[in-house]
Amino acid sequence: MAAAMGAWSARHRKTAVFGWLLFVVLAAFLGGLHGSNEVKESEAMPGQVSRAAKILDEAGLKSPAGETVLIQSAGLTSDAPAFRAAVEQVVTAVKATGKTADVRSPYDTKAVSADGRSALVQLTVTGEREEALKNVPAVLDAVAGVQKQHPDLTVVELGDASSGKWIDEQFSDDFARAEWTAVPLALGILLVAFGALVAALLPVVLAITAFIAAGGLVALSSSFLHTSNNASSVMLLVGLAVGVDYCLFYLRREREERAAGRDLETALKIAAATSGRAVLVSGVTVVVAMAGMFLTGIAEFQAMSYATIVVVITAVLGSLTVLPALLSMLGDRVDKGRVPFLGKLRSPDATATGGRVWNAVLTPVLRRPLAATLLSGALLVGLAAPMLTMHTANLTFQQQLPEGNALVATSKKIEAAFPGSPAPATVVVKAADIDSPAMTAAIADLKAKALASGRMHGPVDVTVHPDKNIATIDIPLNGTGNDATSNAALKALRTEIVPATVLTVAGTEAPVTGRTAGSYDFNDKMTGSMPLVFGFVVAFAFLLMLASFRSLAIAATAVVLNLLSVGAAYGVLTLVFQHGVGASLLGTAGVGAVESWVPLFLFVILFGLSMDYHVFVVSRIKEGRDRGLPTRAAIAHGIRSTAGVVTSAAVIMVAVFAVFGTLSMQAMKQMGVGLAVAVLIDATVIRAVLLPSVMTLLDERNWYLPSWLRWLPDLSHGESFPPVGAHGGPLAPAPADPTAARHRRIEV
């Protein structure tokens, strides 16, 4: 298929190139015209949190954008005239903006700290989320004005609208920074790899156009499968990485064949039949691995999965169609714009020998494969060991934002004075008659039992909507929001207090929601779905490798090596972001937990991306063996001949992923660092040491296929190419092998 697509594109160059451009422009235009529909809260979270959101949505009740203003003094108590005056000024100032509702004084709500030195003015910003984000700056300015008048007091604001505004703006800034940093990085690395501007530009341009087209397609289809901000980030990250890598594989092979003396047409045919096939197989693997995320049943994961699938399919399509057409058009002009200094640094036989660094590593590995296997395996197991202590959670507001952030400082002050207040649990009560005496008594009993439990504390805030027969009860929980103390309080509320009070009234529903509940339910859903996702991805990858190479050993080796690289990434992630080891080097600190969605996301994406290298390298090894080289010689040749491509591809992926490790949000940092570490390990320890040593130990057993598996579909296709004469080509068969003549073919 890959060879046929490449051949068609080379013959119909203008059709392929202008067809691709039309596709990109149309997809981007129509997607922009349609707009994006984002995941709703009722879809984003499972369990009781989802049910609570649905109850409020069906009733037409939108969660108000609640804000809290903290007035705090080091020496005055809330009874002091100056303190009271500041509180009244805050109340008057926020009301005067015309952007607030339900402004409540601490003297009415009793929201005064135990030591009397802190008080909370509670309010809501008018409008639904988007409108509230536009309205909140006026409220923030009003609070800042009071702070200026009282420099001896602390007067600061925090809430859903103010934090949401900061996060949205920061997310947009981070996303733009990632785009403007990652693209020049990739271009610079490719310039070093090829030593020519045109060759370096091709992969980057194709990756960017693939990302643009995929973004339009995702927006177009967001009516039936909602998208998210995280999905957009992931699509950029994966799209740029795989788009550049796929083009790099293809372009490098075409240049290699031209350097060996092939004519342009034959070089393109060989590139399509070999690297094109590797791109197709690895693309299918990434797509199916990402499809495993649909098994979680979580809308956020499904959005990320779908966006990644679309961008990978688009990148594969571009690599197999428009790239051969462009190479056919350009011919040897693809080497235009050579950088003289870089050209001098490039060894003319680097492609064949793998370069000095790879040779220095590979020579002892092939000489002592058992020792290399044991040492590298022990290293990976040691790196993976910390994952046994991994704790996952939906990170709290304080954990997500960088240290020193003003909102984090405010949150810590409020939490210190009023533990649990920034993220209370909310009981959403839906009753047949919310104003009935029985329900009124049950709600009062709920408040009393919650406070008496010792796991929760006041102020308990009850809001009744009599026309909807719904009430919401906010109850602050002990703990930080996602630790064992908070989870124990949530469990007591859900399993003991709520059933013993409001649920005793017939016809009542009372799901418990909030940040702690969201983290708990999300983790519970994740824990239940992970074995299913892991099993699906591993099984499919094994079967794909089995069918692609018709070898039981190669399929099993691919799965085991990928699991080792994922395990090592998990261990580093736990060590750095949970325990804080080396976190300061990344401009962050240990936050005690790994973001809930990161481990599963890393697993599926790394399992897919690792196949890039594995398929590319093993294809080259099998190609050498099929053309007459003994297995050990084929291994040495395959590793050495792909060393430059693997190095360039890995450096690009690590650089792109590392950019995300520099972003502000903790979840993005964890994702970027986890991916960068895993790819680095995969391209060095796995590909340079463990893969060649294990394959050398297996020797001819690498190609073993039991007779009872002969029925498997054969995804290979032999195609002969003319010899290259005196050059001999990079894959000249071993002369002593009497079967060499029968195996002069390229596996596809």
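Which residue of β8 does Val427 stand opposite? In this predicted model, Val427 faces Ile473 of β8, and the sheet that contains β8 is the subject of the opening view.

**View 1. The open sheet β7-β8-β6-β9, a four-stranded arrangement with antiparallel pairing.** Strand β6, which spans residues 425-430, is joined by six bridges to strand β8, residues 470-475, and the two run antiparallel.

**View 2. The open sheet β2-β3-β1-β4, with four strands in antiparallel pairing.** Because β2 (100-104) and β4 (154-159) stand at the edges with a single partner strand each, one side of each is left without a neighbour in the sheet. From one strand to the next, the twist averages 20°.

**View 3. The packing of helix α25 (residues 598-626) against helix α27 (residues 666-698).** The axes of these two helices are 10 Å apart and meet at an angle of about 30°, an angle under 35 degrees, and α25 and α27 are therefore roughly parallel to each other. The crossing in which α25 passes α27 is right-handed. On the α25 side, the residues that make the contact include Val598, Phe601, Leu602, Ile605, Tyr613, His614 and Ile621, while those of α27 include Ala667, Met671, Gly674, Leu675, Asp682, Arg687 and Met695. Sorted by class, the contact between α25 and α27 comprises 17 nonpolar, four polar and two charged residues.

**View 4. Helix α11 (residues 264-273) packed with helix α12 (residues 275-291).** Here the axes lie 3 Å apart, at an angle of about 25°, which makes α11 roughly parallel to α12. The contact is made by Ile270, Ala271, Ala272 and Ala273 of α11, together with Ser275, Gly276 and Arg277 of α12. By class, the residues of this contact of α11 with α12 divide into four nonpolar, two polar and one charged.

**View 5. An aromatic pair formed by Trp20 and Phe23.** The structure holds six aromatic pairs, and the one shown here is tilted, with the rings of Trp20 and Phe23 5.6 Å apart centre to centre and an angle of 50° between the planes. Trp20 and Phe23 both belong to helix α2, residues 13-34, where they are three residues apart, about one turn of the helix.

How values were computed: Residues numbered from 1 in each chain as written. Predicted model: local features only at pLDDT ≥ 70, side-chain atom pairs only at ≥ 80, totals over all residues. Heavy atoms only, no water. Axes fitted to C-alpha atoms, helices over the stretch in contact; angles between N-to-C directions. Parallel < 35°, antiparallel > 145°, perpendicular 65-115°, else oblique. Left-handed = near helix turned anticlockwise from the far one by under 90°. Contact = heavy atoms within 4.5 Å. Nonpolar A, V, L, I, M, F, W, Y, C, P; charged D, E, K, R; others polar. Pairing = 2+ DSSP bridges. Phe/Tyr/Trp six-rings, centres within 6.5 Å; stacked < 30°, edge-to-face > 60°.
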